[in-house]
Amino acid sequence: MLLQVQPKDYFADGYQVLWDYHQCFLYYISELKHVERRFYQQTIASDTNYQQKIQQMVMFLEDAMFQHHKDEELCLFPYLKQYSYLVDGMLAVLENDHRDLEQIWQELAAFLSSPSTIGENERFIKVSQTYRRWLEQHIARENDNFLPEVRSILLPEQWYEIGKKMEGLRHYQGIV
Ligand SMILES: [Fe+2]
Ligand SMILES: [Fe+2]
């Protein structure tokens, strides 16, 4: 596992927190591809160790994805609203992406939460591929366009404040 849900050492820089979560999600996208391969090989139902790994993955992603969306929408986006038409347009697209991802995640999480029966339903593959594709596209949008665009809009001390707000969210939720 690349990253804990709470990257405690990095809260001093909100930009770095977001970046690290993205790296972590890319790692889990490759793990999900592996689950799909095992689906085709029909080797999940007989492998309880692997089933446990899938369950850990689903628990991690469930926490991390929703936390990450809160970090962006509650801690970062308010600093950027009404900066420019371009940035406002980006924020709207990213928020839409989040809702789409959360919706498809519900279906995927239901499959992943009972790994012993994943192999019985072809729909798992379609849902998993859709989630992976959407998440990859979303991370590319943020890493390649959005974050480079907004990095210099905010001062280093504002990125620090944003990191502290993220930390504050976790305190409020009793995570750290
Ligand atoms: Fe993100
Ligand atoms: Fe996002």
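**Figure 1. The protein chain at a glance.** The secondary structure of the protein chain consists of five helices and zero strands, where helices (H or I, at least four residues) and strands (E, at least two) are DSSP runs numbered from the N terminus. Read from the N terminus, the elements run α-α-α-α-α. The radius of gyration, taken over C-alpha atoms, is 17 Å, close to the 16 Å that the globule rule gives for 176 residues, so the protein chain is as compact as a globular protein of that length. That rule is 2.2 Å times the number of residues to the power 0.38. Along its principal axes, the C-alpha trace spans about 55 × 35 × 20 Å. Please keep in mind that this is a predicted model, in which local features need pLDDT of at least 70 and side-chain atom pairs count only at pLDDT 80 or more, while totals for chains, interfaces and linings use all residues. Residues are numbered from 1 along each chain as its sequence is written, and chains are lettered from A and ligands numbered from 1 in the order in which they are written.

Figure 2. Of the 176 residues in the protein chain, 22% are buried. A residue is buried if 20 or more other C-beta atoms lie within 10 Å of its own, exposed if 12 or fewer, and partly exposed in between, with C-beta atoms placed from the backbone. Two residues are in contact if their C-beta atoms, placed from the backbone, lie within 7 Å. Among contacts between residues at least 6 apart in sequence, 76% join residues at least 24 apart.

**Figure 3. Helix α1 against helix α2.** The axes of α1 (residues 14-41) and α2 (residues 48-80) come within 10 Å and cross at roughly 150 degrees. That makes α1 roughly antiparallel to α2; angles under 35 degrees count as roughly parallel, over 145 as roughly antiparallel, 65 to 115 as roughly perpendicular and the rest as oblique. Axes are lines fitted to C-alpha atoms, for helices over the stretch in contact, and angles run from 0 to 180 degrees between N-to-C directions. The crossing of α1 past α2 is left-handed, meaning that the near helix is turned anticlockwise from the far one by less than a right angle, whereas clockwise would be right-handed. On the α1 side, the contact is made by G14, V17, L18, Y21, C24, Y28, E31, V35 and R38. Facing them from α2 are Y50, I54, M57, L61, A64, H68, D71, E72, C75 and L76. By class, these residues divide into 13 nonpolar, two polar and four charged. Here Ala, Val, Leu, Ile, Met, Phe, Trp, Tyr, Cys and Pro count as nonpolar, Asp, Glu, Lys and Arg as charged, and the others, Gly among them, as polar.

Figure 4. Helix α5 covers residues 156-172, and its axis comes within 6 Å of that of α1, with a crossing at roughly 60 degrees. That makes α1 oblique to α5. G14, Y15 and V17 in α1 meet W159, I162, G163 and M166 in α5. This contact has five nonpolar, two polar and no charged residues. The axes of α2 and α5 come within 10 Å and cross at roughly 145 degrees, and α2 passes α5 in a right-handed crossing. K70, D71, L74, C75, L76 and Y79 of α2 make the contact with Q158, I162, K165, M166 and L169 of α5. Seven nonpolar, one polar and three charged residues take part in the contact of α2 with α5.

**Figure 5. Two loop glutamines with positive phi.** Most residues other than glycine have a negative phi. Q42, in the loop between α1 and α2, has a positive phi of about 55 degrees. With 9 C-beta neighbours inside 10 Å, Q42 counts as exposed. Q82 sits in the loop between α2 and α3 (85-113), and its phi is near 65 degrees. Q82 also counts as exposed, with 8 C-beta neighbours inside 10 Å.

Figure 6. W134 lies in helix α4 (residues 123-151) and counts as partly exposed, with 16 C-beta neighbours inside 10 Å. Not counting residues up to four places away in sequence, W134 touches D100, L101 and I104. F77 belongs to helix α2 and is partly exposed, with 18 other C-beta atoms within 10 Å. Leaving aside neighbours within four places in sequence, F77 is in contact with E72 and L91.
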